Amino acid sequence: MSVLLQSGETADAFFEDPAFKLKAILFTKKNETPGLWLRLAEALGERCKFGEIRHTETALMGQFGVSTETLPRILALARPPGGGESTLAYEGPTDFDRIGEFLRDCADGGFGLIEARRQVQDQRDMHERELKGLHSELEKERDALKSSRAEIARLRLGQVGQVESKKRSIDAEL
């Protein structure tokens with residue numbers, strides 16, 4: 001199985017090919033197809049169709065919401081017979097076994113697994129955003145506590161100074 005380089009002219013035929021329910025797409029800045037992608041296409045070419053979109057194909061990148069800042073990027077794309085599409089971005093290490101496992105799961109599990117992975121990924125992203133917000137709030141609270149403690153220490157020191165002053169004043173009177 002080979003990797004098909006996609007351009008605006010060839011993309012529709014690639015995506016509409018009914019022979020494969022799943023398409024694996026590599027978005028890349030490289031001018032040559034990476035060896036890892038070629039090995040994956042060779043190993044999994046029976047399960048899904050492999051394509052590559054280079055950063056110069058801005059219309060295709062925009063169609064999938066991919067920017068040059070996020071490259072390289074791998075998307076699994078499934079188009080059910082009834083229409084519509086499901087896409088899932090691969091998030092993980094760039095190694096043969098992990099990417100292969102992701103694509104096998106997408107191919108074997110079908111649209112249900114892709115959708116379940118998407119929901120899990122969305123939930124994880126939401127939790128990460130919440131956690132980041134909580135960390136930010138915690139830092140603000142720590143800063144406020146530190147400021148409050150410094151203010152309390154300053155006030156106590158002022159009170160000690162007043163007590164010492166009164167004590168000297170009383171000692172002087174006696």
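Among contacts (heavy atoms within 4.5 Å) between residues at least 6 apart in sequence, 66% join residues at least 24 apart. The model is predicted: local features need pLDDT of at least 70, side-chain atom pairs count only at pLDDT 80 or more, and totals for chains, interfaces and linings use all residues. Residues are numbered from 1 along each chain as its sequence is written, and side-chain values use heavy atoms, without hydrogens and water.

The chain has four helices and five strands. These are DSSP runs, numbered from the N terminus: helices are H or I with at least four residues, strands are E with at least two. Their order along the sequence is β-α-β-α-β-α-β-β-α.

Now the overall shape. The C-alpha trace spans about 105 × 35 × 30 Å along its principal axes. Buried residues (under 20% relative accessible area, 1.4 Å probe, protein chains only) make up 29% of the 174 residues.

Confidence comes next. The average pLDDT (the predictor's confidence in each residue, from 0 to 100) is 85, and 90% of the residues score at least 70. Strand E1 (residues 4-5) is lowest, at a mean of 64, and helix H2 (residues 35-44) is highest, at 93.

Turn to Lys23, in strand E2 (residues 22-28). Lys23 is buried, with a relative accessible area of 3%. Its side chain reaches the backbone oxygen of Phe20 at 2.7 Å and that of Phe15 at 3.4 Å. Not counting residues up to four places away in sequence, Lys23 touches residues including Asp17, Lys49 and Leu75.

Leu71 and Pro72 are joined in cis, with omega about -5 degrees. Most peptide bonds are trans. Pro72 sits in the loop between helix H3 (58-63) and strand E4 (73-78).

Technical notes
Buried < 20%, exposed > 50% of the residue type's maximum accessible area, 1.4 Å probe, protein only. Polar contact = N/O pair within 3.5 Å; in protein donor to acceptor, adjacent residues only side chain to side chain.
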